[in-house]
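Please look through the sequence and the model below before reading on. The paragraphs that follow go through strands, aromatic rings and backbone angles in turn.

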Amino acid sequence: MKAAGVVLHPGSWSRWSLFLLLWTNFASVLGRTAFEKLTELDYKGTTYYTVKNLTLYECQGWCREEPECQAASFSFVLNPLTPIQETVCQLQNETTANNPAAAPQRSVNLYYMVKMQIRSDNVCLRPWSFERVPNKMIRGLDNALIYTSTKEACLAACLNEHRFTCRSVEYNYVTLQCHLSDSDRRTTGQYVQFVEAQGVDYFENLCIKGNQACKGNRVFQVPRIGVADDKVAQYAALHYYNDKELQVTSESACRLACEIENEFLCRSFIFKGPPVGTAYNCELFHLDHKTLPDGPSTYLNAERPLIDDGQKIGNYYENYCEKSTTPPHE
């Protein structure tokens, strides 16, 4: 008898079964590989490999498969002469991101992804499981408070939570307090105070499905943030990483594509108008203005591109959580 390339003699099957059982338990103890992502924040680390013009998902996937890779830094810029984003992927075998006292540096058009091991069967197959914002927290609005010895155990508790939909987590590295909440930065109907909190990191669960992103209805609309619509759309087209693009027949089809996207949690999209030839006219993004460190002011402070022909970029829409009038079904 053969199993996985190993010849098994009669009577040895029980030993092979025992090996598989022990290996499964061992893997369960170690946890499953997951990533946390930081937006426009960069940590110091030791880069052992650099490669250009990979996609974001190729960069992250490479780090996932490399045993020595602890973190991946992915930066991109839109070449004004060509409609493509030029990218740089750096794999690091050492990172200060795991040191709570380390301060990240601001870096435009950069995503920093840190590899973790989380002991949960609910780790999703998406590129990253959590969005991390260092030294921030939402004041109040907690559903549960537990104590965990590590950040990873706190994140596992969120993924394993079944009493409510865990949308965000706060972990205090000093007190070891782990706060679980069904609210996040997009929650409406409650006063959300997103405040500075030294020694506390805020995480948003990106393993939830699109229909779980809000307590009430999730709709897509032009963001009402006091910035001209075309300025927001232009910034998104230049500075958001294009997670997915496709050709659709209408704006409603582009909206539906974002709503049902399952490979990542789609939070915004640009519809460029009716299809022309074989060109893509629908772009999907995992970002929205809540994800950006400077929020709406990001769009106000942005410079116009070097080459600007004055043509309209398209219509930009973000997800918005409507106020729930009845207790949501969790």
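Which residue in β16 does phenylalanine 271 stand opposite? Phenylalanine 271 stands opposite cysteine 282, and the strands concerned, β15 (residues 268-271) and β16 (residues 282-285), run antiparallel and are joined by 4 bridges. This is a predicted model, in which local features need pLDDT of at least 70 and side-chain atom pairs count only at pLDDT 80 or more, while totals for chains, interfaces and linings use all residues. Residues are numbered from 1 along each chain as its sequence is written, and side-chain values use heavy atoms, with hydrogens and water left out.

Strand β15 also pairs with β17 (residues 315-321), again antiparallel and through 4 bridges, and here phenylalanine 269 stands opposite tyrosine 317. Strands are DSSP runs of E with at least two residues, helices are runs of H or I with at least four, both numbered from the N terminus, and two strands pair if DSSP finds at least two bridges between them. In a regular strand the side chains alternate between the two faces of the sheet. In β15 both faces are covered, since Ser268 and Ile270 on one side and Phe269 and Phe271 on the other are all buried; buried means under 20% relative accessible area, exposed means over 50%, and partly exposed lies in between, with a 1.4 Å probe and protein chains only.

Another part of the model is an open sheet of 10 strands with mixed pairing, in the order β4-β6-β5-β7-β3-β8-β12-β10-β11-β9. Its edge strands, each pairing on one side only, are β4 (45-52) and β9 (144-147), and neighbouring strands of this sheet are turned by 30° against each other on average, direction ignored.

Turning to the rings, a search of the whole structure finds 17 aromatic pairs, where rings of Phe, Tyr and Trp (its six-membered ring) pair if their centres lie within 6.5 Å, and planes under 30 degrees apart count as stacked, over 60 as edge-to-face and the rest as tilted. Phenylalanine 74 and phenylalanine 76 form a tilted pair because their ring centres are 6.2 Å apart and their planes stand at 35°. The rings of tyrosine 240 and phenylalanine 285 have their centres 5.3 Å apart and their planes at 85°, so this pair is edge-to-face. Because tyrosine 240 lies in the loop between α4 and β14 (244-246) and phenylalanine 285 in strand β16, the pair ties together parts that are 45 residues apart in sequence. One aromatic cluster is formed by Tyr57, Phe74, Phe76, Tyr111, Trp128 and Tyr241. Lysine 37 lies over the face of tyrosine 111, at 4.6 Å from the ring centre, and its charged end also sits over the ring of tryptophan 128, 5.5 Å from the centre; this requires NZ of Lys or CZ of Arg within 6 Å of the ring centre and within 35 degrees of the ring normal.

Finally, asparagine 109 in strand β7 has a positive phi of about 60° although it is not a glycine.

Definitions and conventions: Axes fitted to C-alpha atoms, helices over the stretch in contact; angles between N-to-C directions.
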